Amino acid sequence: MTTRDLVLIALFAAITAVLGLFPALTLPVTGVPVTAQTLGVMLAGSVLGARRGGLALVVFLVLVALGLPLLAGGRGGAAVFAGVTAGFLFSWPVAAFVIGWLTERLWSRYALLHAVAINVFGGILVVYAGGIAWMVAVAGIPLDKALYGSLPFIPGDALKVIAAATVAVALKRYQQHPLGQTV
Amino acid sequence: MAARHIGLRTAPRTGDEDVALIAFDTVSVTAGDRTVLADICLTLRERRIAVIGANGSGKSTFARLINGLRRPSIGAVTVDGLDTVKAAKEIRRHVGFLFQDPDNQIVMPLVEEDLRFSVKALKLGPAAENARIERILDTYRLTHLRHQPSHSLSGGEKQLLALANAMLREPRYLVLDEPTTLLDLKNRKRVMNAIDGLEQTVICVTHDLEIAATAERVLVLADGRVAYDGTATDAIAAYREMAA
Amino acid sequence: MKLTLYIRRDSPVHALPAGCKLCLLLTAGVLILLTDNPLLLGGGLVTALAGFPLARLPLPEIFHQARPLLIVLAIFFTAHALFTSIGTGTVLTLRFAIMIAGGLLLTLTTRVSDLMAVLERGLSPLAPLGLNPEKASLVFAMTIRFIPVLAETWETVRAAQQARGMDRNPLALLIPMTVLTLRRAEQISDAIEARGVDL
């Protein structure tokens with residue numbers, strides 16, 4: 001890891017924290033609060049790649065665990081990792097890593113369609129798989145209830161996928177994307 | 001008491017130390033197919049040097065060559081005979097650097113932690129490290145802020161902290177890359193007053209002609225070349241003419 | 001914007017070693033999962049809250065800061081009272097309240113550098129696996145350092161786009177924000193290297 005890698009990891013962990021400062025947007029029909037924080041997961045993976053992106057989220061979660069109130073709504077501390085929805089949190093670094101890994105693999109052809117597909121897979125499928133598996137296995141919630149309970153969040157996540165994909169592709173087009181700079 | 005000017009005033013020499021010397025030996029820097037600096041041949045021995053020029057003239061790259069943050073594509077830069085690329089580690093110890101945006105130079109959450117982060121690299125041992133931190137906090141009047149979050153400092157205080165960080169390693173040279181551009185008048189004055197008093201050789205890249213006017217020697221860069229090299233009055237006149 | 005961290009005081013809570021406090025918090029996190037008894041949990045909460053005056057912290061200010069957390073807790077409790085049962089709601093809310101109070105107390109009374117040192121020690125057994133504890137703690141410290149800086153950048157970008165009537169388009173904020181952050185990363189790594197810090 002170069003100094004630059006360490007700085008990038010820290011800054012994207014910080015971006016994820018900053019995204020948590022925004023008041024949750026309440027979805028019109030369902031009334032479900034959507035926070036911008038998983039956008040940080042998608043951005044970290046899409047912009048930094050697998051290793052740095054995954055580590056950025058590990059760093060973020062460790063700081064949360066140490067008691068810094070960095071999660072949306074000012075939450076933090078060990079308690080959030082014991083909650084019903086903790087599986088979603090644990091899946092963040094994995095999701096960022098998966099998004100980054102796929103982005104690196106498809107880099108030469110990387111365009112909006114790839115970016116969207118990658119972020120749907122990593123940012124939605126991986127995150128929900130982790131979150132729902134935890135609800136079922138640890139919190140004893142039946143699978144169908146866990147699934148239905150999670151559905152209302154999908155539209156918000158879809159918007160975030162489009163946002164993250166557009167940013168990553170724009171960075172590539174402007175030649176500002178770290179994965180395009182082989183230094 | 002007469003009003004003090006802001007600037008690169010030369011502090012009195014302390015003794016008959018070796019002549020300080022920065023040498024550019026036919027240095028060119030290219031980035032991709034763009035030439036950033038071309039054929040720079042210079043020897044700098046003055047104690048207060050200013051570098052002026054339009055945006056994109058290569059000023060920042062010029063500054064970064066002196067402490068090895070940028071490598072010449074062709075040629076070599078030496079400081080007191082040390083090659084800035086080959087002896088990068090030693091060069092960093094002798095050449096302090098102050099950047100434009102103080103926020104990007106402070107990496108620790110608290111003021112004292114940030115100084116400690118720099119001083120640790122010197123491996124002096126705890127007692128000497130503490131002594132040096134105390135002294136530098138006192139010199140730059142930051143002692144009352146030592147336990148404050150870096151973020152709570154004013155722009156000028158942040159830049160003073162960044163300067164304190166550079167001076168902590170007791171360098172022989174100090175390179176400044178537009179150190180006052182982001183500061184208001186009051187803070188600009190505070191920072192320049194602190195720099196005024198330094199014994200070190202100071203190379204200041206700046207847009208601030210008032211600061212440049214007090215240097216012993218002024219270089220004007222244009223399109224990656226030294227377009228003028230001379231006394232402050234002449235160089236600034238030449239620069240104004242170029243811009244006209 | 002203030003990322004509330006350490007508040008300096010002379011108190012037994014402050015004097016307690018960071019590792020000790022961290023262990024206490026983690027132990028509390030495990031203990032509260034072992035009981036469903038609201039009285040025991042209530043006692044735990046009182047104990048945690050007692051730490052605040054003991055630490056000589058400015059209580060009104062902290063109450064003000066903790067208000068959003070309390071509101072979330074209240075909503076959480078109400079939801080449980082309505083949809084599951086008051087009993088479950090009480091137990092879960094108390095558990096969260098204890099951990100929030102404990103986490104807050106740790107954060108307010110412990111310097112980040114001390115926590116980092118604990119972390120560094122905790123990570124040192126992993127050094128043979130290629131994990132450098134010094135690098136790791138630098139990354140943690142930098143993250144904390146740059147959260148307020150990036151929040152400010154965000155505000156600046158938002159104001160600039162608002163002036164152009166573009167602040168309702170999230171992409172008009174996200175793209176410049178990301179580009180500025182990447183550029184900042186370059187400058188920060190330059191500054192670290194210029195300090196002669198060997199990483």
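Chain B holds an open sheet of four strands, in the order S2-S1-S4-S5. Pairing in this sheet is antiparallel. Strand S2 (34-44) and strand S5 (82-83) of chain B stand at the edges. Each has a single partner strand, so one side of each is left without a neighbour in the sheet. The structure is a predicted model, and the features below are read from that prediction.

Strands of a sheet pair through backbone hydrogen bonds, either parallel or antiparallel. In chain B, S1(B) and S2(B) run antiparallel and are joined by seven bridges. One position in this pairing is B:Val29, which stands opposite B:Leu37 in S2(B). S1(B) and S2(B) form a hairpin with two residues between the strands. In that hairpin, B:Gly32 takes a positive phi near 65 degrees.

Strand S1 (residues 22-31) of chain B also pairs with strand S4 (residues 74-79) of chain B. Five bridges join these two strands, which again run antiparallel. B:Ile22 has B:Val79 as its bridge partner in S4(B). B:Ala23 stands opposite B:Thr78, also in S4(B).

Helix packing in chain B was examined next. Two packed helices are described by the angle between their axes and the distance between the axes. H3(B) packs against helix H4 (residues 126-139) of chain B at an angle of about 130 degrees. Their axes are 10 Å apart. H3(B) and H4(B) are therefore oblique to each other. The crossing of H3(B) past H4(B) is right-handed. From H3(B), the contact is made by B:Glu112, B:Leu115, B:Arg116, B:Val119 and B:Lys120. From H4(B), B:Glu129, B:Arg132, B:Ile133 and B:Ile136 take part. By class, this contact has four nonpolar and five charged residues, and no polar ones.

Contacts between chains involve two pairs that touch, and chains A and C make the most contacts of the two. Here, 37 residues of chain A are in contact with 43 residues of chain C. Four elements of chain A give two or more residues to this side: helix H1 (3-19), helix H2 (37-48), helix H3 (50-65) and helix H7 (154-173). The largest share, 13 residues, comes from H1(A). The side of chain A that touches chain C divides into 28 nonpolar, eight polar and one charged residue.

Chain B also meets chain C. This contact takes 26 residues from chain B and 22 residues from chain C. Helix H2 (88-94) and helix H3 (111-120) of chain B each supply at least two residues of the side that touches chain C. The side of chain B that touches chain C has 11 nonpolar, eight polar and seven charged residues. Chain A and chain B do not touch. Their nearest C-alpha atoms are 9 Å apart.

Confidence was considered last. The predictor gives the complex an ipTM of 0.91 and a pTM of 0.83. Chain C averages a pLDDT of 85, and 92% of the residues score at least 70. Among the elements of chain C, helix H3 (residues 38-54) has the highest mean pLDDT, at 94. Helix H4 (residues 59-83) of chain C has the lowest, at 75.

How values were computed:
Residues numbered from 1 in each chain as written. Chains lettered and ligands numbered in written order. Predicted model: local features only at pLDDT ≥ 70, side-chain atom pairs only at ≥ 80, totals over all residues. Contact = placed C-beta atoms within 7 Å. Nonpolar A, V, L, I, M, F, W, Y, C, P; charged D, E, K, R; others polar. Pairing = 2+ DSSP bridges. Axes fitted to C-alpha atoms, helices over the stretch in contact; angles between N-to-C directions. Parallel < 35°, antiparallel > 145°, perpendicular 65-115°, else oblique. Left-handed = near helix turned anticlockwise from the far one by under 90°. pLDDT = per-residue confidence, 0-100.
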